Amino acid sequence: MAKIGYGQTKQQLLYMVKTILDHDGRKTPFKDNLPGKDWLYAFMKRHPEISTALHRNLVRNARVISWQKIKWWFEDFAKYLTENYEEGIDILKDASRIYNADESGFPQDPKSGKILAAKGSKIVYSTCSADKSQLTVLACMSATAHYLPPMLVFPGERFRYNPLEGFTEAVLGRTKTGWMDSELFYTWVRDHFITAIQD
């Protein structure tokens, strides 16, 4: 499960065993078929190939990216430039015209603890839902180190205070959940990105 981005906690393992026992109908010494700490300790001892690991949350959409999809995106982009601009693909030879924007989310209520994974796993990802509220930071910089003020996206659509008070080098964004959406991204491109790269 950890290998495919659905790492399970010890608690989830216990409830999985309970589900199996409830379905099976066998009599067990466990109250309501839910094993306790002693069973879990014995299970971990019987399976030394499993250990606990700290995990990083990964939004479901981010899991579906593949090398092939990235390759196709760049091929489509090169075709678009060639067909629509006189300079074609040569436009990319000017590093000042290459920007990268990326967003990072900071959950308001992060899932804490460890998950079960193969022993020795360095980084383990656990898929999380994209519907919980969070604070999102959108950062953007050019290949020549032209850095734009970050956009901080707060959950909630109205504020009685300015959440960016004292942080004038940032841009305020608001969505219901604090997640970036297409409407807010369009606003950022139109009102902040394009004005910042006018020259």
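Q: What do β5 and β6 form, and which residue in the turn has a positive phi?
A: In this predicted model, β5 and β6 form a hairpin with 4 residues between them, and Ala145 in the turn has a positive phi of about 70 degrees.

Q: What makes β5 and β6 a pair of strands?
A: Pairing requires at least two bridges found by DSSP, and 5 bridges join β5 to β6, so the two antiparallel strands meet that criterion. One of the residues involved is Thr136, whose bridge partner in β6 is Val153.

Q: How do you know that β6 also pairs with β7, and which way do they run?
A: Here 5 bridges join β6 to β7 (residues 171-175), against a requirement of at least two, so these strands pair as well, and they run parallel. Phe154, for example, has Arg174 as its bridge partner in β7.

Q: Why is Ile70 called partly exposed?
A: The relative accessible area of Ile70 is 35%, and because buried means under 20% and exposed over 50%, this value falls in between, so the residue is partly exposed. Ile70 lies in helix α4 (residues 67-84), and together with Ile65, Trp67, Trp73 and Phe74 it makes a nonpolar surface patch of about 620 Å².

Q: Which residues make up the largest nonpolar core, and which elements give two or more of them?
A: The core has 10 residues, namely Leu138, Cys140, Leu148, Met151, Val153, Val171, Met180, Leu184, Trp188 and Phe193. The elements giving two or more residues to this core are β5 (134-142), β6 (147-155) and α5 (182-196).

Notes
Residues are numbered from 1 along each chain as its sequence is written. This is a predicted model: local features need pLDDT of at least 70, side-chain atom pairs count only at pLDDT 80 or more; totals for chains, interfaces and linings use all residues. Side-chain values use heavy atoms; hydrogens and water are left out. A nonpolar core is a set of buried Ala, Val, Leu, Ile, Met, Phe, Trp, Tyr and Cys residues joined through side-chain atoms within 4.5 Å. Buried means under 20% relative accessible area, exposed over 50%, partly exposed in between (1.4 Å probe, protein chains only). Patches are made of residues with over 30% relative accessible area and no salt bridge: like charges are joined within 9 Å, nonpolar side chains (Val, Leu, Ile, Met, Phe, Trp, Tyr) within 5 Å. Accessible areas come from the Shrake-Rupley method with a 1.4 Å probe; for residues, only the protein chains shown count as cover. A salt bridge is a side-chain nitrogen of Lys or Arg within 4 Å of a carboxyl oxygen of Asp or Glu.
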